[in-house]
Amino acid sequence: MERSALEAAGKRYRTEGISRRVRNIAVSAIKEMPLLAQKVPDCISLGQGIPSFPTPAHIVEAVCRHLRDTAWSGKYTLGPGLPALRRAFADMLVRERGLWVDPETEICITVGAMEGLCASILTLVDSGDEVLLPSPNYASHIEQVLLAEGRPVFFPLKPDTWQLDMKALQKAISPRTKALILCHPHNPTGAVFAKEDLQMVAQWALEHGFFILCDETYDFLTYDGRPYWSVLSMPELRRQVIGVFSFSKKYAMTGWRVGALVAPADILDHVMKVHDAAAICAPTPSQVAALAALEGPQECVAHFRQTLQARRDRVCAFLDRMAPRLSYVRPQGAYYVMVQFPPQIGDSMTVALRLLHEARVITIPGSAFGPGGEGHVRLSFGGTEAELDEAMERLAQWFDQNTA
Ligand SMILES: Cc1ncc(COP(=O)(O)O)c(C=O)c1O
């Protein structure tokens, strides 16, 4: 079974002369499905997690002013990023998360969370090291571990709630465990993991000496007033934890490519070598945008959260009408839902490709998220209400015809 949607659709990759590291990885299906969709007229995307909102006007204005009035807008910044941005980020961490971090030595501004994740994994993981990943899990974490020649070790989430299966996680820990990657609110399931479970996981990390890499991309996005908690808050774990943050979803800035990484100073020293080799620095105009986002009004974040919660309710109402053929677990955060379909229609790659060509809706095959994702397609509800309604009607019709 191909992990790659392009290969499943017929693409063949050259292997001669290509490194083993790169032969072994795939472009995640999240990015491949929109490529395939370019050839399908009039299709609607429930695929990649792109919120429909434009970047707030005050952020765009600040960048325009900066480009016009400042001579250094088009130049590199220091490798770790603009000092003022690092200070503003550290202030935000104190204000919103109760976390004290030194902006001089413990923060690096990155090219999105993605570069922060990749640089962290390349810094920590040696060939053959085991990295624990929930299954299902965000596809790019898997490819990044493979790129570092690490060994992804999957532990299943509980399929009825998508919460951490603590027995399975404990069983997966071995003397070769180097790190655990944790992302919540969780992509692709929308789960917000229970604080008691996370505290237990942190205890195991201390006992066994492995790192925890916290992907905080959706830290602002929990629904129904549910509190958010991360192991980053545990002072006793500080030497073993890296936090990776994103401006993409919180401030509708997916295209600006800016994020931030928080790590103990003696680990960040090494992460900086990878960051320098791969990126030099995050784009300067994007850092200016991130600074404006942090210093400006925060109402947009609450507005995004409320709007996305209403969109979750809308999509869930559609899915309820498709029961019992389709089933799902109600997302508690992020903006994804894993939809389980009857196994007789085929595997998730086949179903996602048929949905693209026959229903003209982009979904992501569950197999892209590890073995625990098979039997599902992931829907993103970041799109507008009109897009969601039309896409869900198309899905309902397709599943009616194909699961009767
Ligand atoms: C869990 C997770 N981590 C990281 C990213 C990438 O974030 P960024 O745009 O900041 O690189 C995404 C994007 O969808 C994501 O879902």
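Helix H6 (residues 112–124) supplies the largest share of the shell around the ligand, namely four residues; helices (H or I, at least four residues) and strands (E, at least two) are DSSP runs, numbered from the N terminus. The model is predicted: local features need pLDDT of at least 70 and side-chain atom pairs pLDDT 80 or more, whereas totals for chains, interfaces and linings use all residues. Residues are numbered from 1 along each chain as its sequence is written, and side-chain values use heavy atoms, with hydrogens and water left out.

Of the 15 residues around the ligand, Asp-215, Tyr-218, Ser-246, Ser-248 and Lys-249 come nearest (a residue is near a molecule if one of its heavy atoms lies within 4 Å of it). Polar contacts are pairs of N or O atoms within 3.5 Å. A polar side-chain atom of Asp-215 is 2.6 Å from a nitrogen atom of the ligand, and a polar backbone atom of Ala-113 is 2.7 Å from an oxygen atom of the ligand.

Seven strands form an open sheet of mixed pairing, in the order S2-S8-S7-S6-S5-S3-S4; two strands pair if DSSP finds at least two bridges between them. Strand S2 (107–110) and strand S4 (151–156) are the edge strands, each pairing on one side only. S2 pairs with strand S8 (residues 259–262) in the antiparallel sense over four bridges, and Ile-107 stands opposite Val-262 in S8. Helix H5 (residues 83–97) packs on the sheet and touches S2, strand S7 (241–246) and S8, where contact means heavy atoms within 4.5 Å.

Note on methods: Axes are lines fitted to C-alpha atoms, for helices over the stretch in contact, and angles run from 0 to 180 degrees between N-to-C directions. A polar contact is a pair of N or O atoms within 3.5 Å; within protein, one must be able to donate a hydrogen and the other to accept it, and residues adjacent in sequence count only if both atoms are side-chain atoms.
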